[in-house]
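Here are a few notes to go with the model you are about to open. Keep the 3D view beside you and work through the points in order.

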Amino acid sequence: MKKVLLIFITVGVAGCQQSSFGELVARNHLKEANNKIEAFLRILNNHKAEKVDQENILCLQYPKIYKYEYLPAILRLTKLKKLNAKNKEQLLGDLKETMDSYSKKLEIVCE
């Protein structure tokens with residue numbers, strides 16, 4: 001009986017540590033993605049930036065980082081109940097709105 005109780009307690013503690021580790025990893029991924037996105041936005045907002053750089057960021061880099069780094073980290077933290085964020089469809093809608101806005105502002109057409 002003591003062995004069963006010990007195993008149960010060990011598994012419970014390990015599960016809690018796993019959750020904390022998962023949260024830490026997701027928060028680090030979110031921080032890294034945020035830093036990249038902020039750098040992209042600085043370039044997109046810089047009227048002295050090269051047009052080719054802005055096009056590369058708007059059409060390739062920004063959506064890639066948003067979809068494959070930022071979005072999964074946000075959704076993971078939401079699933080862990082450590083963050084209250086919009087759902088996936090709303091976040092993708094935000095991406096589209098942002099891209100449409102910069103596309104219009106910078107006169108860049110992404111294909």
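**Notes for a first look**

1. Before anything else, keep in mind that this is a predicted model. What does the secondary structure of the protein come to? You will find three helices and zero strands, and reading along the sequence gives the pattern α-α-α.

2. Now for the helices themselves. H1 covers residues 2–45, helix H2 takes in 51–79, and helix H3 runs over residues 88–106.

3. Next, the contacts across the chain. Take the contacts in the protein with a separation of 6 or more: 70% of them are between residues 24 or more positions apart.

4. What about the surface? The accessible surface of the protein comes to about 8400 Å², and carbon and sulfur atoms hold 58% of that area. Of the 111 residues in the protein, 25% are buried.

5. On to the inside. The largest nonpolar core has 22 residues. If you want to find it on screen, pick out Leu30, Ile37, Leu44, Leu58, Tyr62, Tyr66 and Tyr70, the residues with the most contacts inside this core. Which elements give two or more residues to it? They are H1, H2 and H3, and the largest share, ten residues, comes from H2.

6. Now the charged pairs. Side chains of opposite charge can pair when their charged atoms come close. How many salt bridges does the structure hold? There are four, and the next points go through some of them.

7. Start with Glu23 and Arg27, whose side chains meet in a salt bridge at 3.0 Å, N to O. Why are these two about one helical turn apart? Because they sit four residues apart in helix H1. Glu23 counts as buried, since its relative accessibility of 17% falls under the 20% limit. Arg27, at 37%, counts as partly exposed.

8. Stay with Glu23 for a moment. Apart from its neighbours within four places in sequence, Glu23 is in contact with Leu77, Leu80 and Lys82. So a look at this residue takes in a buried position at 17% relative accessibility and a salt bridge to Arg27.

9. The pair Lys96 and Asp100 is also a salt bridge, with the closest N and O atoms 2.8 Å apart. Both residues lie in helix H3, four residues apart, which is about one turn of the helix. Is Lys96 buried or exposed? Lys96 is exposed, because its relative accessible area of 52% is over the 50% cut-off. Asp100 counts as partly exposed at 43% relative accessibility.

10. Last, look at Lys86 and Asp94. Their salt bridge brings the closest N and O atoms to 2.8 Å. Lys86 is partly exposed, with a relative accessible area of 41%, and Asp94 is partly exposed too, with 23%.

Key
Residues numbered from 1 in each chain as written. Predicted model: local features only at pLDDT ≥ 70, side-chain atom pairs only at ≥ 80, totals over all residues. Heavy atoms only, no water. Buried < 20%, exposed > 50% of the residue type's maximum accessible area, 1.4 Å probe, protein only. Contact = heavy atoms within 4.5 Å. Areas by Shrake-Rupley, 256 points an atom, 1.4 Å probe, with all protein chains shown as cover. Core = buried A, V, L, I, M, F, W, Y, C linked by side-chain atoms within 4.5 Å.
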